[in-house]
Amino acid sequence: MSIVADKVTKLYGEQKALDNVSFEVRTGEIVAFLGPNGAGKSTMMKIITGFIPASSGSVTVNGMDISAENPETKKCIGYLPENNPLYPEMYVKEYLGFVASVYKSEIPVRKQIDDIIKVTGLTPEQKKKIGSLSKGFRQRVGLAQALIHNPTVLILDEPTAGLDPNQIVEIRNLIRDAGRNKTILLSTHIMQEVEAICDRVIIIDKGVIVADENKNNIYSIIKRKRQIIRVEFDKPVGEPQLLGIKNVIKAWQINDALWNLEAEGDEDIRPAVFTFAVNNDLKVLSLQKEESNLEEVFRQLTGG
């Protein structure tokens, strides 16, 4: 296992930010670490990287105790903190040279800089001051500093926060490429990002893990309290009629004979919709059931 958190608790005075948190991240996985604001995500990430200590419990990275005074534990981790703190007065290439020198790698610093600038697409910006860069390029610089020493484990805290859609896609592609040979734990509020690049989802709420599932299996852990059906008939139909279908509690018109129907309970209402159509001399032109999505899972598990 690349990351093992075992019964980690973190107290700030009397406030419990993390409560007996345990999870593992396997080598080569890209895992989303999700939760509402204040749930404990950033605290857990800071403990994994050794920036702050746990009040109790332990964390190992590549089999090494992160709390030990061992520089090897830091060499194997790349970390992009939330808000990406940088030195705006430094030039891109100068800053990356400074970061590379901290790790004292056997690879020459100049080669490290040149390689990471190419990988992160910073070539046209390398001679500019960081403070003059767009938000998207500053995020690239943040990723570059996290990757420059070629760590085996990458911890990314909100790596695409505040970016426009094009910048999000660019950073997402960089993360996906990095994940081919690294273990990545990332937090984000963008569910499409999780769907696009992550293998597994861990959800934390109020300092407690409430879900830890493969991305494809996580939808099955909730019970839907409602279902949405989009149906199109061959001719117009009225709302009062549609509300007569078993379990339908709401109906709203999209256009002409196209409607969304909301039903309560777990019973599939599609057979009832077909029966309604037959009884009212209607033909069903299309019928689609809205599937569970990660956003719905997140809301139900975190009380949203």
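Modeller: Let's begin with Tyr 87, Tyr 95 and Phe 98, which ring pairs link into a cluster. Rings of Phe, Tyr and Trp (its six-membered ring) pair if their centres lie within 6.5 Å, and the structure holds five aromatic pairs. Bear in mind that this is a predicted model, where local features need pLDDT of at least 70 and side-chain atom pairs pLDDT 80 or more, while totals for chains, interfaces and linings use all residues. Numbering starts from 1 along each chain as its sequence is written, and side-chain values use heavy atoms, with hydrogens and water left out.

Next comes Leu 96. Leaving out residues up to four places away in sequence, Leu 96 touches (heavy atoms within 4.5 Å) Ile 113, Ile 116, Ile 117, Leu 122, Val 141, Ala 144, Gln 145 and Ile 148. Together with Leu 34, Leu 96 touches the most other members of the largest nonpolar core, which has 44 residues. Such a core joins buried (under 20% relative accessible area, 1.4 Å probe, protein chains only) Ala, Val, Leu, Ile, Met, Phe, Trp, Tyr and Cys through side-chain atoms within 4.5 Å. Another core, of 25 residues, lies apart from that one, and Phe 33, Met 45, Ile 77 and Val 153 are among its members.

Of its 20 lining residues, Phe 51, Val 99, Val 102, Tyr 103 and Gln 145 are the closest to the pocket centre. (A pocket is an open set of points on a 1 Å grid where a 1.4 Å probe fits, with protein on both sides within 12 Å along at least five of seven lines; lining residues have an atom within 4 Å of a point. The volume is the space filled by probe spheres set on the points.) Helix 2 (71–75), strand 6 (77–80), helix 3 (92–103) and helix 5 (135–147) each give two or more residues to that lining. Helix 3 has the largest share, at five residues. Helices (H or I, at least four residues) and strands (E, at least two) are DSSP runs.

For contrast, look at helix 10 (residues 294–302), where Leu 294, Glu 296, Val 297, Phe 298 and Thr 302 are buried. Their cover includes strand 3 (30–34), helix 7 (191–197) and strand 9 (200–205). After helix 10 comes Gly 303, with a positive phi near 75°.

Conventions
Buried means under 20% relative accessible area, exposed over 50%, partly exposed in between (1.4 Å probe, protein chains only). Rings of Phe, Tyr and Trp (its six-membered ring) pair if their centres lie within 6.5 Å; planes under 30 degrees apart count as stacked, over 60 as edge-to-face and the rest as tilted.
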